Amino acid sequence: MKHISKFTFSIALVLLSFLGNAQDKTSTNPSKDELSEAKKDSIPLKKERYGLRVGVDLFKLTRSFYETDYSGLELVGDYRLTRRHYFAGEIGNENKTVSDDQVNFTSKGTYLKVGFDYNSFQNWGNMENIISVGLRYGVSSFSQTLNSYQIYNPNPYFGESPVIISGENFDGLSAQWIEVVAGMKAEVFNNIFVGFSFRLNRMLSQKRPNNFDNLYIPGFNRTYNGDYGVGFNYTVSYFIPLYKTTVKAKEKNKKEKPKKEKKNN
């Protein structure tokens, strides 16, 4: 009997050790249901591209073909700094002849604009579209030629004043201004974007010619009351990716509230 009791006691110890190991494995290794729940709660990741986008303003380029008194070219570009901020700029030149009621002149020169854009559009998936607002600082160096003018006659009873051919040149003119920009860009093909923007300009300073005024400034466009202007461009650009960063695809702002258990009647 002593041998049987010892044998039984030994078997009981072995069984208890196996049960303890089994419980430890169960507690350390999660089940399939727990893994699936963890995947649901986890936030998916995606890679976003950073790089340089360069292009041309089609509006100014095509305008040179159908307007005989205009020629111009503008190159555009932006560089992505953060998820929503872009360093942006434009550089170009214009040659525009303006014919008003009493004056005909030609303005030509180059300009540069630099600033930033803020993308307010929330992309999903791998989209990289932009709906932006931004600010630019612009500077222009230009010259004007007074082609002809007509002296204002307040009493045209005896006929209009004759047109005077001038040809006087005004060189070394300049202007500085700021622009508020609103626009959008959409990817139509791989790395190819089309977009447009509207601009409201406010003059900061300008160098005027003697006995004349800056009625048209390259980059600023036509001046209104000497201080304000408006602009528009329609662009096509190519994106050059430089590197990628991994970000959270979607963040959960609110935690799900636990469901209330229904009371059994």
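User: If buried means under 20% relative accessible area and exposed means over 50%, is Asn 221 in this predicted model buried or exposed?

Analyst: Asn 221 lies in strand β9, which covers residues 221-222, and its phi is near 80 degrees, a positive value in a residue other than glycine. Most residues other than glycine have a negative phi. The relative accessibility of Asn 221 is 15%, and because the limit for burial is 20%, Asn 221 counts as buried.

User: In which loop is Asn 191 found?

Analyst: Asn 191 has a positive phi, near 70 degrees, although the residue is not a glycine. At 8% relative accessibility, Asn 191 counts as buried. As for its place in the chain, Asn 191 is found in the loop between β6 and β7.

User: Why does the contact between Lys 96 and Asp 69 count as a salt bridge, and how far apart are its closest N and O atoms?

Analyst: Lys 96 is buried, with a relative accessible area of 12%, whereas Asp 69 counts as partly exposed at 31% relative accessibility. A salt bridge requires a side-chain nitrogen of Lys or Arg within 4 Å of a carboxyl oxygen of Asp or Glu. The contact between Lys 96 and Asp 69 counts because the limit is 4 Å and the closest N and O atoms are 3.9 Å apart.

User: Which strand holds Lys 185, the salt-bridge partner of Asp 78?

Analyst: The closest N and O atoms of Asp 78 and Lys 185 are 3.9 Å apart. The two residues are 107 residues apart and link distant parts of the chain, with Asp 78 in strand β2 and Lys 185 in strand β6. Asp 78 counts as buried at 7% relative accessibility, and Lys 185 is buried too, with a relative accessible area of 17%. The strand that holds Lys 185 is therefore β6.

User: How many salt bridges does the structure hold?

Analyst: Side chains of opposite charge can pair when their charged atoms come close. In this model Glu 90, Lys 113, Asp 117, Arg 136, Glu 179 and Arg 199 are linked in a network of salt bridges. For the structure, the number of salt bridges is 17.

User: Are the rings of Phe 121 and Trp 124 stacked, edge-to-face or tilted?

Analyst: A search of the whole structure finds nine aromatic pairs. In the pair of Phe 121 and Trp 124, the ring centres are 5.9 Å apart and the planes stand at 50 degrees. Planes under 30 degrees apart count as stacked and those over 60 as edge-to-face, so the rings of Phe 121 and Trp 124 are tilted.

User: Which residues form one aromatic cluster with Phe 198?

Analyst: The ring centres of Phe 198 and Phe 232 are 5.2 Å apart, and with their planes at 50 degrees the pair is tilted. This pair links distant parts of the chain, with Phe 198 in strand β7 and Phe 232 in strand β10, 34 residues apart. The residues that form one aromatic cluster with Phe 198 are Phe 59, Phe 196 and Phe 232.

Conventions. Residues numbered from 1 in each chain as written. Heavy atoms only, no water. Buried < 20%, exposed > 50% of the residue type's maximum accessible area, 1.4 Å probe, protein only. Helix = DSSP H or I, 4+ residues; strand = E, 2+ residues; numbered from the N terminus. Phe/Tyr/Trp six-rings, centres within 6.5 Å; stacked < 30°, edge-to-face > 60°.
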